[in-house]
Amino acid sequence: MSYVDEVLELVRKKNASEPEFLQAVDEVLNSLRPVIEANEELYKREAILERIIEPERQIKFRVPWVDDKGQVQVNTGYRVQFNSAIGPYKGGLRLHPSVNTGIIKFLGFEQIFKNSLTGLPIGGGKGGADFDPKGKSDREVMAFCQSFITELYKYIGADTDVPAGDIGTGAREIGYMYGQYKRLTGLYEGVLTGKGLTYGGSLARTEATGYGLLYFTDEMLKSNGKSLEGKTVVVSGAGNVATYAIQKAWQLGAKPVTCSDSTGWIYDPDGIDVATLIEVKQVKRARLTEYKAMRPNAEYHEGKGVWTVKCDVALPCATQNELDLDDAKALVANGCFAVAEGANMPTTMEATKYFQENGVLFAPGKASNAGGVATSALEMSQNSERLSWTFEEVDSKLKNIMINIFHNADEAAKKYGCPGDYVAGANIAGFEKVVTAMLAQGVV
Ligand code: NDP
């Protein structure tokens, strides 16, 4: 049995109840086979794979808080500090009822390679809680965030672990968390990213993941003799990533026609109106039915369905496993020629394989959505320097980073005999740097 197969067997035995984590490990280790086989003896002796699949530390804690009726509520908080070989742990905090150990581990594992790909000195981590900010008052969200940080503050810091936003954690939540961290520690330091502009946040951080996704997609298309100009784009999600992906798609000459949330989706034949989307989702925190009310020409549909819309390019920007094999078949049948992931692992393994076998250009999230964490690292640099860069400075650094990530993944895929396979390319390029650092640092 090969070393990769031995470790896959081990990981399945040890983590049987964590399907998302197993899916992420399966995808990464399988695509690393050519690299591992080239150095199998060394990697096996050093137990590199056993070490890379085991978090350095996992923290799980109780988060009690009082709701508006005076009732005590209890949530479970998590932080997985996965790998610090190349820098302090860095990765978002997800607040969603579906959060559990396996989901945080899958996200933390992906984060190791994503952060490495950015070329910046950041290790991999992820956290969150099974708390649902939806329908809660601002006071309830503050009570939760303060309680969450009252435990988590012991384990994070500007040079140790720097969390950021993710699903359910936006500027409001980061603000409450930062305030409580400062109160508990007395430190005014860059311990969280995604902060407001008046207290250490970076310009362009809000837009970074969506913009970065489009910079990556644009570069991937150009390298393959295509362009975004005049193309129809379907997008899922209506949150941070989706909104700014839609905005940048317009700016690059494409027409984004869909968006979705957890209850339904919009098809707007005139193209999604960004100002309306922001008003509905960020200001009113309402459902997409409200978008339809403000744009009567648009169609609203209950449930899932954006992937049935005819398009050239598809950008899944909502959540994991939201695009399955049937969706992939519908997209290919409708002429879609490129898919770039804005969310983390939104495409199932079967769907990814189908796209690749049918000649669709496929960008994996750990490469194409790395603009968010890259700009978070730029926020850390500005905090350390006690300086603020302009929007244009940050945006141009982001664009260069995304172009470099594309070319690093592209070249790694070519070097290991799988040209055009950006999934393998991204995993290989991310892995090589982390492993070199792990070997240099000894058995830790
Ligand atoms: P938001 O909370 O801002 O938005 C998430 C969107 O996805 C919302 O429209 C939400 O619907 C929808 N959604 C969430 N869960 C589900 C579900 N189970 N089924 C259907 N729809 C769902 O999150 P982000 O935009 O920040 O994150 C989206 C994805 O991008 C995640 O996978 C995240 O990990 C990833 N990502 C985010 C980064 C960032 O910088 N924010 C960086 C890199 C990756 P509703 O409005 O109903 O809640």
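Rings of Phe, Tyr and Trp (its six-membered ring) pair if their centres lie within 6.5 Å, and a pair counts as stacked with planes under 30 degrees apart, as edge-to-face over 60 and as tilted for the rest. A search of the whole structure finds 15 aromatic pairs. This is a predicted model, in which local features need pLDDT of at least 70 and side-chain atom pairs count only at pLDDT 80 or more, while totals for chains, interfaces and linings use all residues. Residues are numbered from 1 along each chain as its sequence is written, and side-chain values use heavy atoms, with hydrogens and water left out.

**Exercise 1.** Classify the pair formed by phenylalanine 61 and phenylalanine 148.

*Solution.* The ring centres are 5.4 Å apart and the planes stand at 45 degrees, so this pair is tilted.

**Exercise 2.** Classify the pair of phenylalanine 355 and phenylalanine 362, and decide whether each residue is buried or exposed.

*Solution.* With 6.0 Å from centre to centre and 20 degrees between the planes, the pair is stacked. Phenylalanine 355 has a relative accessible area of 0% and is therefore buried; phenylalanine 362, at 2%, counts as buried.

**Exercise 3.** Find which ring the charged end of lysine 248 sits over.

*Solution.* The criterion requires NZ of Lys or CZ of Arg within 6 Å of the ring centre and within 35 degrees of the ring normal. The charged end of lysine 248 sits over the ring of tyrosine 211, 4.4 Å from its centre.

Key
Buried means under 20% relative accessible area, exposed over 50%, partly exposed in between (1.4 Å probe, protein chains only).
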